[in-house]
Amino acid sequence: MAGIGARIVGLVLVFGMVMMPSLAKDYTVGDTSGWATGVDYTTWTSDKTFAVGDKLVFNYGSGHTVDEVSGSDYKSCTTGNSITSDSSGATTIPLKTAGTHYFICGVVGHCGMGMKLSVTVGSGSTAAAPAGKGASTPPSTDGSNTTVDTPAVTTPTATSTGLGTSLSSSPIMALMTTAGVVLSVLVLS
């Protein structure tokens, strides 16, 4: 009898490990416009909720870069102090930590023309809240491309990656863990 219970617990745990990573999302920055001048990235982020484990996919032509920068360098469009930089034309940035992450194009003048992106990453899994339940910030009148810290949230239209990295705060993971513990107690009793 204990062998059957152990198999059930094993199946529950395997199911949890296989299903949980599918919650991570890939977000193509700027959608079909990609990473380019003339795109309003504040509007692009306004209906998305980013979480640890998600990825940002930057697609762009030659003559651009994706530089992760500090908040002050983002605000002032300062180049040359990047945390990371890539100019391959296809840059994928895994969102590994919660908090606000800042990206600019390191080519002189491009950040000032709007090639700047700020994303606020939550610590939990990507989840949608009811539409219209967020505050919005009007676009800046000083020419900067500021972001909305508390956007209205809808279901993201991103694709599943199958590569989640931080799922400890996921309600589904909690449910799966609880189910595994309950089954273990029942089987061992």
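**Notebook: fold and cysteines**

I looked up the contacts first: of those in the chain with a separation of 6 or more, 73% are between residues 24 or more positions apart. I note that the model is predicted.

I then went through the secondary structure. The chain holds 4 helices and 9 strands, and along the sequence I read the order α-β-α-β-β-β-α-β-β-β-β-β-α.

I turned next to the surface. Of the 189 residues in the chain, 35% are buried. I found an accessible surface of about 10000 Å² for the chain, with 63% of that area belonging to carbon and sulfur atoms.

I went on to the cysteines. How many disulfides does the chain have? The count is 1 disulfide, and it joins Cys77 to Cys111 with an S to S distance of 2.1 Å. The link of Cys77 and Cys111 is left-handed, at -70 degrees about the S-S bond. I located Cys77 in the loop between α3 (71-76) and β5 (84-86), and Cys111 in the loop between β7 (99-104) and β8 (116-122), so the bond ties together parts 34 residues apart in sequence.

Cys77 is partly exposed, with a relative accessible area of 23%, whereas Cys111 is buried, with a value of 4%.

I also checked Cys105. I recorded Cys105 as buried, with a relative accessible area of 0%.

Conventions. Residues numbered from 1 in each chain as written. Predicted model: local features only at pLDDT ≥ 70, side-chain atom pairs only at ≥ 80, totals over all residues. Heavy atoms only, no water. Helix = DSSP H or I, 4+ residues; strand = E, 2+ residues; numbered from the N terminus. Buried < 20%, exposed > 50% of the residue type's maximum accessible area, 1.4 Å probe, protein only. Contact = heavy atoms within 4.5 Å. Areas by Shrake-Rupley, 256 points an atom, 1.4 Å probe, with all protein chains shown as cover. Disulfide = S-S within 2.5 Å.
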